[in-house]
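Trainee: I've got a model open and would like to learn how to read its side-chain features. Can we walk through a few together?

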Amino acid sequence: MIINDNLDKGLVVYELASSDKSGVLREMVSTLKAKGLEVDVEEALQVLMSREKLGTTGIGDGIAIPHGKLECLDEIVVVVGRSGRGIDYEALDMLPCHIFFMVLAPEQGTGTHLKVLAQISRQLKDEAFRDAFKGAKDQQELLGLLNLT
């Protein structure tokens, strides 16, 4: 499995407008709605915020991987976002997050959901990838980095 198996270029946000955790989650979920996926934004936000209460998905090194499960989904969807200025996401290392990979999975998709999360985590351990992601000059460069051009 490679990182872009579950990616769609229409679900990549080059520059997130939000400045806090709840705003970022709302913006990323709204991207699904704008793409035409039948997702209840409020339900998705509730699922994601419930997961955040268990412990932050801001894992450090400028990365957040919010995730959750929704009954309405038939397959895993991944929304990617970037914040050049960084967002206070209450990350484990207390540093701002710049890189966001939101993973939403069907309620019954546990095994695949965990594989996608693990694969994203492995890719994001690459410091050169993280630096290129944060430093992307525009949407096209970010899409190229994600092999979506």
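This is a predicted model: local features need pLDDT of at least 70, side-chain atom pairs count only at pLDDT 80 or more; totals for chains, interfaces and linings use all residues.

Trainee: Where does S18 sit in the chain?

Mentor: Look in the loop between β1 (12-13) and α1 (21-34).

Trainee: Is S18 buried or exposed?

Mentor: Buried means under 20% relative accessible area. S18 comes in at 13%, so it counts as buried. Its side chain also reaches the backbone oxygen of G23, at 2.9 Å.

Trainee: Next, the rings. How many aromatic pairs are there?

Mentor: The count comes to 3 aromatic pairs. For each one, check the distance between centres and the angle between planes; over 60 degrees counts as edge-to-face. Y89 and F100 have centres 5.6 Å apart and planes at 70°, so that pair is edge-to-face.

Trainee: Which parts of the chain does the Y89 and F100 pair link?

Mentor: Distant ones: Y89 is in the loop between β5 (77-87) and β6 (97-106), while F100 is in strand β6, 11 residues apart. Y89 is buried, with a relative accessible area of 0%, and F100 is buried with 0% as well.

Trainee: What about F101 and F133, how are their rings arranged?

Mentor: That aromatic pair is tilted, with 5.9 Å from centre to centre and 40° between the planes. It too links distant parts of the chain, with F101 in strand β6 and F133 in helix α4 (residues 127-135), 32 residues apart. F101 counts as buried at 0% relative accessibility, and F133 is buried with a relative accessible area of 0%.

Trainee: Which residues do ring pairs link into a cluster?

Mentor: F101, F129 and F133.

Trainee: And which residue lies over the face of Y89?

Mentor: That's K21, at 4.8 Å from the ring centre.

Trainee: Let's finish on α4. Which of its residues are buried?

Mentor: F129, R130 and F133 are the buried residues of α4. To see how they are placed, look down the helix axis: they cover an arc of only 100° around it, which puts them on the same side of α4.

Trainee: What does D126 do at the start of α4?

Mentor: One of its side-chain oxygens reaches to within 2.9 Å of the backbone nitrogen of A128.

Conventions:
Residues are numbered from 1 along each chain as its sequence is written. Side-chain values use heavy atoms; hydrogens and water are left out. Helices (H or I, at least four residues) and strands (E, at least two) are DSSP runs, numbered from the N terminus. Buried means under 20% relative accessible area, exposed over 50%, partly exposed in between (1.4 Å probe, protein chains only). A polar contact is a pair of N or O atoms within 3.5 Å; within protein, one must be able to donate a hydrogen and the other to accept it, and residues adjacent in sequence count only if both atoms are side-chain atoms. Rings of Phe, Tyr and Trp (its six-membered ring) pair if their centres lie within 6.5 Å; planes under 30 degrees apart count as stacked, over 60 as edge-to-face and the rest as tilted. A charge sits over a ring if NZ of Lys or CZ of Arg is within 6 Å of the ring centre and within 35 degrees of the ring normal. The arc is that of the directions from the helix axis to the C-beta atoms.
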